[in-house]
Amino acid sequence: MAKAPILALVMHPVVRDELMRPDHITRLKNVSRLLREEPFRALSELAEDLAKVEVLITSWGAPAIDAHAISQMPRLKMIAHLAGSVKGFLDDAVWRKGILVTNAVAANAVPVAEYTLAAILFANKQVFALNHFYREYRENRAPWTREAPNVGNYRKSIGIIGASHVGRLVIEHLKRFDLNILLYDPFITPLAARDLGARKLGLSELLSESDIISLHAPLLKDTYRMLGARELSLMRDGATLINTARGALVDHAALEQELLAGRLCAILDTTDPEVLPANSPLYNLPNVFLTPHIAGSLGDETQRLADYMVAEIERFVRGNALKYLVRREHLARLA
């Protein structure tokens, strides 16, 4: 029987304490030779053991894995990144040497998709607007159709921009409701979109046909400010823009003008800049709901990342295919 692989944790100690429970450590010890339970802050701390490491678990606080680091780890077979995307963290030498890479993007997608689902349902129900009315007038004006025209979720059109991990999970959640799901993603065919449970449209069509627009695209050169003044003008009066992806996907000056005019609504977990200026009017607009980048894993949700990565290492040791394998050619599309 082959020896269990030598494994090292490389991350900030606080990260390990927050993400990894005692049972995670026990499971790792059952399938590997864990060098120590306390994480290493730098690869140099491993000293002579660096050349022996076969599995590396990295996370926030770990140094970037460059070509020099790879050359010092000749036995390295797998990197499990206990965080989000490895873009900008791993050198191409990792893939050239055939080292397997996995990360917890899919785990972090779960709470983002949950946040998005809640935002979509609340937006269609006009919960935030009616909350303002109720607090101001303190009376029941049921059925509220005068104050909230077009209220309700039944048969509303939801436009998803980006079939990323989060985008796909949001679509999966939405299929349980009486909603019309639309999708824009240049890398997805109409047949693939249909298999996901959505109808593929061009960006302009999706913007003009949707009651809710939810952004789930990666921030790339081609997607920077992909929603500018022209694109925002195509959205229906009263439509809601939800952004849990990247703030720079939207031209915020153009969005601010639409929101100040009251034509659109927005639920923004990410903005550009990431923290809006203290004098931004968006803080006080009744048609804007802001949260401070909390859609991703928080609190005990972060332990799901360790659940996923420990399970991946168990698959690797047993010779099974990795469930969350990161391929170099797909890296740019992770979000």
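Predicted model: local features only at pLDDT ≥ 70, side-chain atom pairs only at ≥ 80, totals over all residues.
Residues are numbered from 1 along each chain as its sequence is written, and side-chain values use heavy atoms, with hydrogens and water left out.

**Whole chain**

Start with everything selected. The C-alpha atoms fill a box of roughly 70 × 45 × 35 Å along the principal axes. Switch to cartoon view: there are 12 helices and 12 strands. These are DSSP runs, numbered from the N terminus: helices are H or I with at least four residues, strands E with at least two. Of the 335 residues, 50% are buried. Buried means under 20% relative accessible area, exposed over 50%, and partly exposed in between (1.4 Å probe, protein chains only).

**The sheet**

Now select the open sheet of seven strands. Its order is β8-β7-β6-β9-β10-β11-β12, with parallel pairing. Two strands pair if DSSP finds at least two bridges between them.

Next, pick β6 (157–161) and β9 (212–215). They pair in the parallel sense over four bridges. Within this pair, G159 has I213 in β9 as its bridge partner.

**Helices on the sheet**

Select α11 (252–260). This helix packs on the sheet and touches β10, β11 and β12. Its direction makes about 130° with that of β11. Then show α5 (105–124), which lies across β6, β9, β10 (240–243) and β11 (265–268). Helix α5 runs at about 165° to β9. Contact means heavy atoms within 4.5 Å. Axes are lines fitted to C-alpha atoms, for helices over the stretch in contact, and angles run from 0 to 180 degrees between N-to-C directions.

**The loop between α6 and β6**

Go to P143, in the loop between α6 (127–137) and β6. A cis peptide bond joins A142 to P143, with omega about 10°. W144 is in this loop too. Its phi is positive, near 70°, though W144 is not a glycine. W144 counts as buried, at 14% relative accessibility.

Stay in the loop and select N150. N150 also has a positive phi, about 65°, without being a glycine. Buried or exposed? N150 is exposed, with a relative accessible area of 55%.

**Last stop**

Finish at P273, in the loop between β11 and β12. The peptide bond from D272 to P273 is cis, with omega near 5°.
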